[in-house]
Amino acid sequence: MKFTAGQIAGILEGEVHGNPEIAVHKLAKIEEGEEGSLTFLANPKYTSFIYKTKASITIVNKSFVPEQDLDTTLIKVDDAYKSFSKLLEYYNQVKNNKVGIEEPIFKSETAIYGADVYIGAFAYLGNNVTIGDNVKIYPNVYIGDNVKIGDNVVIFAGAKIYSETIIGDNCVINSSAVLGADGFGFAPNEDGEFVKVPQTGNVILEDNVDIGAGTSIDRATLGSTILRKGVKLDNQIQIAHNVEIGEHTVIAAQTGIAGSTKIGKHCMIGGQVGIVGHIVIGDFVKIQAQSGIGRNVKDHEVLQGSPALNYGDYNKSYVHFKNLSRIISRIDTLEKKD
């Protein structure tokens with residue numbers, strides 16, 4: 001896809017300074033720009049690169065005044081960073097604007113879908129599946145029986161959506177994600193063998209939820225595993241059965257959340273965090289990477305460590321930990337004097 005400076009300025013409501021007919025077909029960092037590429041300058045630290053870049057078009061703030069000659073056409077906007085982000089979103093919409101049904105797919109006679117959908121080759125749609133308008137289902141996606149999918153949902157290649165799952169509007173499910181697999185439920189019998197406890201619930205994603213690649217969200221034993229609206233999950237996260245995650249909470253990669261834990265809204269959870277089951281984490285909580293959470297957490301707490309401590313207490317304690325060998329040596333010296 002090619003876009004001229006004039007077309008891009010029209011999308012961004014910007015002003016062209018240079019050749020409005022010059023075209024670009026790819027994006028680049030300003031320090032790596034080359035002919036045919038589009039870049040942007042938002043951080044003043046990178047200003048020197050605009051005089052060296054080979055990018056055909058550069059998006060800049062209206063306040064930018066060049067001090068040297070430029071080889072790049074400028075598009076001046078109110079906020080270069082936001083405008084570039086807007087352009088990325090527009091580019092993705094155009095790039096992913098697939099419509100139609102490829103062959104072969106399997107579609108149950110009882111599966112229905114709305115207008116302007118895309119269903120890629122080798123997709124599977126089970127019994128009583130309901131799919132809304134403008135949904136994109138990429139190749140090799142499995143959608144089990146009785147799944148309901150809202151409007152404007154994108155499910156990338158290889159994702160697996162097990163039976164009874166409910167997905168709201170404007171959700172994104174990335175490749176190899178698994179929604180609705182059995183929760184890890186086993187009980188020992190009289191012989192000490194572990195017997196599977198049937199997992200009869202489902203998974204519910206409310207609107208505007210993003211699920212990263214390789215992330216697994218288990219179905220509930222009874223009831224539902226629920227991700228409230230606006231939740232964003234990174235890659236390779238494990239969400240166990242009957243977990244509930246509140247609105248607009250974000251979780252980074254490789255975090256694991258055990259069964260029946262409730263997490264509040266607007267929380268920020270770092271990578272490789274481990275959270276035990278059957279606890280409640282409040283709203284607006286921040287948990288630093290690689291922390292271990294084994295207790296209930298109140299609203300607005302900031303935690304770090306394993307087991308996790310208050311963030312400020314952790315940092316103070318860590319100062320002493322780094323000096324531990326010297327402290328022990330001083331204690332030994334004092335004890336010898338005694």
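Predicted model: local features only at pLDDT ≥ 70, side-chain atom pairs only at ≥ 80, totals over all residues.
The protein chain contains four helices and 40 strands. Its radius of gyration is 26 Å, well over the 20 Å that the globule rule gives for 338 residues, so the chain is more spread out than a compact globule. Along its principal axes, the C-alpha trace spans about 80 × 75 × 30 Å. Buried residues make up 39% of the 338 in the protein chain. Among contacts with a separation of 6 or more, 17% join residues 24 or more positions apart. The accessible surface of the protein chain comes to about 18000 Å², and carbon and sulfur atoms account for 51% of that area.

The interior may be considered next. In soluble globular proteins, nonpolar side chains tend to be buried together. Here the largest nonpolar core has 50 residues, and those with the most contacts inside it are Ile143, Leu205, Ile211, Leu233, Ile245, Ile281 and Ile293. A second, separate core of 14 residues includes Ile8, Ala9, Ile57 and Val77. Isoleucine 211, from the largest core, illustrates the packing there. With residues up to four places away in sequence left out, isoleucine 211 touches Val172, Ile173, Asn174, Ala177, Leu179, Leu205, Ile217, Leu227 and Leu233. Two of these partners, Leu205 and Leu233, are also listed with the residues that have the most contacts inside the core.

Is threonine 225 buried or exposed? With a relative accessible area of 0%, threonine 225 is buried, because the threshold for that class is under 20%. Its side chain reaches the backbone oxygen of aspartate 218 at 2.7 Å. Beyond its neighbours within four places in sequence, threonine 225 is in contact with residues including Asn202, Val203, Ile204, Ile217, Asp218, Ile239, His241 and Val243.

Lysine 26 has another setting, in strand S4 (residues 26-27). Lysine 26 is partly exposed, with a relative accessible area of 30%. The C-alpha atoms of lysine 26 and isoleucine 173 are separated by 25 Å, the two residues being 147 residues apart along the chain. Isoleucine 173, in turn, is one of the residues touched by isoleucine 211.

The peptide bond from glutamate 103 to proline 104 is cis, with omega near 0 degrees. Proline 104 is found in the loop between strand S8 (100-101) and strand S9 (106-107). Aspartate 116 has a positive phi of about 60 degrees although it is not a glycine. This aspartate 116 belongs to the loop between strand S10 (112-113) and strand S11 (118-119), and is exposed, with a relative accessible area of 51%. Glutamine 236, likewise not a glycine, has a positive phi of about 55 degrees. The loop that holds glutamine 236 runs between strand S28 (232-233) and strand S29 (238-239).

The account ends with helix H4, which comprises 14 residues, 324-337. From its first C-alpha to its last, H4 reaches 20 Å, close to the 20 Å expected at 1.5 Å a residue. How many of the 14 residues of H4 are buried? The count is zero, and H4 is hardly covered.

How values were computed: Residues numbered from 1 in each chain as written. Heavy atoms only, no water. Core = buried A, V, L, I, M, F, W, Y, C linked by side-chain atoms within 4.5 Å. Buried < 20%, exposed > 50% of the residue type's maximum accessible area, 1.4 Å probe, protein only. Contact = heavy atoms within 4.5 Å. Helix = DSSP H or I, 4+ residues; strand = E, 2+ residues; numbered from the N terminus. Expected span 1.5 Å × (residues − 1). Rg over C-alpha atoms; globule rule 2.2 N^0.38 Å. Areas by Shrake-Rupley, 256 points an atom, 1.4 Å probe, with all protein chains shown as cover. Polar contact = N/O pair within 3.5 Å; in protein donor to acceptor, adjacent residues only side chain to side chain.
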